Amino acid sequence: MLAGCATRPSPDVLKPVHLRQPTHAEKTPVSVKVLVATNRTPDSIRGGFGSTWSDNLTYEQYAFSVPPGRKDTAITYPTSRPDPERQFAVIRRKQLAKDAFVEEALRSTQSDGTVGIFVHGYNYSYQEALFRTAQIAADAKIPGSPVLFSWPSAAAVAGYVADRDAALSSRSDLDSLVAALSASGKVKRIILFGHSMGGFLVMETVRQLKLQHRDDVIGKLTVILAAPDIDVDVFRSQLKDIGRMPIPICLLVSKDDRALVASSFIAGERARVGRLDIDDPVIREAALKERLRVIDITSIQASDGLGHDRYASLAKFGAQLASFESGRRSTAGDVGAYVFDAAGAAVASPFRLAGRVVGSQ
């Protein structure tokens, strides 16, 4: 059920291709760049990365051609003769040393000093996570190069437990990446965006930073968890260790996320954070008490048939997904429970959403 019916891409899609120039009648493809840090072991034969853990991080830089005028978030992978009007494609790929990677990340920092890190979820291959990051960057019109942290998911439906172990083993590597970027005075804010089990990894990393007394790093973090695959009681324990964040943690949730229903079943019917019901007064009260931003995005269309990848569709509403602000920086007072209205003509701010406010500050 979680894998879907589509054929999954091989590492061949990572090979740079030369695209023909569009004709006058064709739209020009969108060009985006993505930086990647991964603790997966390189696959020297196929040119990608596998599901085993490496002792060292590998750093890469990619340039993508993204089809113009797309109507949804579905990713069409390149064939042997890529069609730039329909297919995503890698047009440049370069491996970087750590220092060069950090320099590239700093060079692409947004004008307000923001850099974004995306952490993918369970059952993702390296190439799937990479192309998804490119889709989000293109749809959200994110300036600069977003950073993907790719941990060694088994990329298999049966690999749920293995993935959870891999996520836990990746805490120090994500910690190292965040600290390296935070060390520069040019970086004022790091958006740490975790999807599904990637949200669990993000929370464990922030907890580790707190236990290390790295308040200098935590002070720059904006944590956003999309459909977080985290046990509710584990999340409560993580919050207790982390304490109050300068910018409250934001949760993007939906009640009908069927992937999280399966996750809950595997975990012995224990509730997952990504399926919180903000119509429940207990949840609304908890959001205020724990100083969380809980945003119900059930109305957003998903492309996976499970309601688990709505965050990718949210990107089309603009750079608010990346910056979580509109005309002003979000503040520590923006807490409570909200509903995102997909029919809204505009998004004033994810914390003043076009729709009904369920909670209040």
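The model is predicted, so to speak with care: local features need pLDDT of at least 70, side-chain atom pairs count only at pLDDT 80 or more, and totals for chains, interfaces and linings use all residues. Residues are numbered from 1 along each chain as its sequence is written, and side-chain values use heavy atoms, with hydrogens and water left out.

I start with β7, residues 221-226. Helices (H or I, at least four residues) and strands (E, at least two) are DSSP runs, numbered from the N terminus. Six of the six residues in β7 are buried, so the strand is largely enclosed by the rest of the structure. Buried means under 20% relative accessible area, exposed over 50%, and partly exposed in between, with a 1.4 Å probe and protein chains only. Leu221, Val223 and Leu225 point one way, Thr222, Ile224 and Ala226 the other way.

Now the pairing, which requires at least two DSSP bridges between two strands. Strand β6, residues 189-195, runs parallel to β7 and is joined to it by six bridges; Gly194 has Leu225 as its bridge partner in β7. Strand β8, residues 250-253, also pairs with β7 in the parallel sense, over three bridges. There, Ile224 has Cys250 as its partner.

Last, α8, residues 258-266. Its buried residues include Ala259, Leu260, Ala262, Ser263 and Ser264. What covers the buried residues of α8 includes α3, 160-169, where contact means heavy atoms within 4.5 Å. Just after α8, Gly268 takes a positive phi of about 80°.
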